[in-house]
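Please walk through this protein model with me, from its overall make-up down to single residues.

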Amino acid sequence: MYKIVEKDAMGNKNVHRGFSDSNFFAAQTSNPRIAALSVDTCKDYRDHKTHHNVHNCTHYSQRYTWAIPLEIIYLTPLYEWNPHNFRHTTSVGVLDPHGVVQKVAASGTHIILPNIEGVGKVRTRYPIMPVHADGEQSRKELDALKEMVMNMAKYSSLFEVEPTTVSNANTQYNQQPHMLKVTPTTQDPPGYHGHDLMITQADIEDMKKGQTVRGILTTTDQQHQHSIDIHMDAHGQYVMAACDGLPRCWDGHDTHLTLDF
Ligand SMILES: [Zn+2]
């Protein structure tokens, strides 16, 4: 909206050019590619000299272009600051229209300036245009999530699961314990017994890739334990590849193991 001191040709002092956006700039133009807004104002009156009725119309046609500020860009003398007269070393050769190689380098205004010792990284560009999603519930959720992600320590209590790095998450996952059970044997000696043995998720992942996990010690039952090599068969079942260095355990345990958890 703009105001003028004297009434314009239309008798208006206040003119609305946009709906509720005060940061709205308009410029009049004569460019015929811009659609015009036109109006005819007509007056009927009697000419006192000629005594004729006169129908007098005036045609108004105006063209406007509009500008909405999109970004604040802070310019700084730093862009020109080069006390040692360094030359760009990251330039690349590009052919000009005449087929001659010209050295060029990336240019433009940084969003964030390179780190300045004692100052840090300074941001020099900020988008300011309103986003069409402003005020929408999904936008509020996104902004809240952004706030949490950008400052995890401050908002740690809001996370359902404590945030961790992918590498930590992988480590934790791979360290998860699992228990395999050795099928009980009725052979006597040594008498009815089974064994348990602990492996990790990493062992399971290795076995899924076809590897054999070697030398896992079982619990001690009936005064002995076994050292077992395990692999996974084609059906995803855990099978002893060796027991105490032999194809089967000396006391007759079945080679199939069951995953307890
Ligand atoms: Zn045994």
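The paragraphs below go from the whole chain to its sheets, its core and its helices.

This is a predicted model, in which local features need pLDDT of at least 70, side-chain atom pairs count only at pLDDT 80 or more, and totals for chains, interfaces and linings use all residues. Residues are numbered from 1 along each chain as its sequence is written.

Start with the inventory. The protein has three helices and 15 strands. Helices (H or I, at least four residues) and strands (E, at least two) are DSSP runs, numbered from the N terminus. Of the 261 residues, 6% are buried. Buried means that 20 or more other C-beta atoms lie within 10 Å of the residue's own; exposed means 12 or fewer, partly exposed is in between, and C-beta atoms are placed from the backbone. Among contacts with a separation of 6 or more, 40% link residues 24 or more positions apart. A contact requires C-beta atoms, placed from the backbone, within 7 Å.

Take the three-stranded sheet next. It is open, antiparallel and ordered β3-β5-β4. Strands count as paired if DSSP finds at least two bridges between them. The edges are β3 (25-29) and β4 (36-46); each has a single partner strand, so one side of each lacks a neighbour in the sheet. Neighbouring strands here are turned by 35° against each other on average, direction ignored. Axes are lines fitted to C-alpha atoms, for helices over the stretch in contact, and angles run from 0 to 180 degrees between N-to-C directions. Five bridges connect β3 with β5. Ala27 faces Thr65 in β5.

Pro69 sits in it, between β5 (53-67) and β6 (71-73). Is Pro69 buried or exposed? Pro69 is exposed, with 11 other C-beta atoms within 10 Å. Pro69 and Ile128 are 59 residues apart in sequence, yet their C-alpha atoms are 7.1 Å apart.

Helix α1 spans residues 137-150. From first C-alpha to last, its 14 residues reach 20 Å, close to the expected 20 Å. The expected span is 1.5 Å times one less than the number of residues. The number of buried residues in α1 is zero, so the helix lies largely in the open.

Now the six-stranded sheet. It is open and antiparallel, in the order β11-β10-β15-β14-β13-β12. Each edge strand, β11 (193-200) and β12 (213-217), has a single partner, so one side of each is left without a neighbour in the sheet. On average, neighbouring strands are turned by 40° against each other, direction ignored. Helix α3 (residues 201-208) packs on this sheet and touches β10, β11, β12 and β13 (227-232). The direction of α3 makes about 90° with that of β11.

Strands β10 (residues 177-185) and β15 (residues 256-259) share three bridges, and Leu180 stands opposite Leu259 in β15. Three bridges also join β12 to β13, where Ile216 lies opposite Ile228. Strand β12 is hardly covered: among its five residues, the buried count is zero.

Where is the largest nonpolar core? It has 11 residues in all, including Leu180, Ile228, Cys243 and Cys249. Such a core is a set of buried Ala, Val, Leu, Ile, Met, Phe, Trp, Tyr and Cys residues joined through C-beta atoms within 7 Å. At least two core residues come from each of β10, β11, β13 and β14 (238-243). Strand β14 gives the most, with three. Beyond its neighbours within four places in sequence, Cys243 contacts His226, Ile228, Arg248, Cys249 and His253.

Conventions
Two residues are in contact if their C-beta atoms, placed from the backbone, lie within 7 Å.
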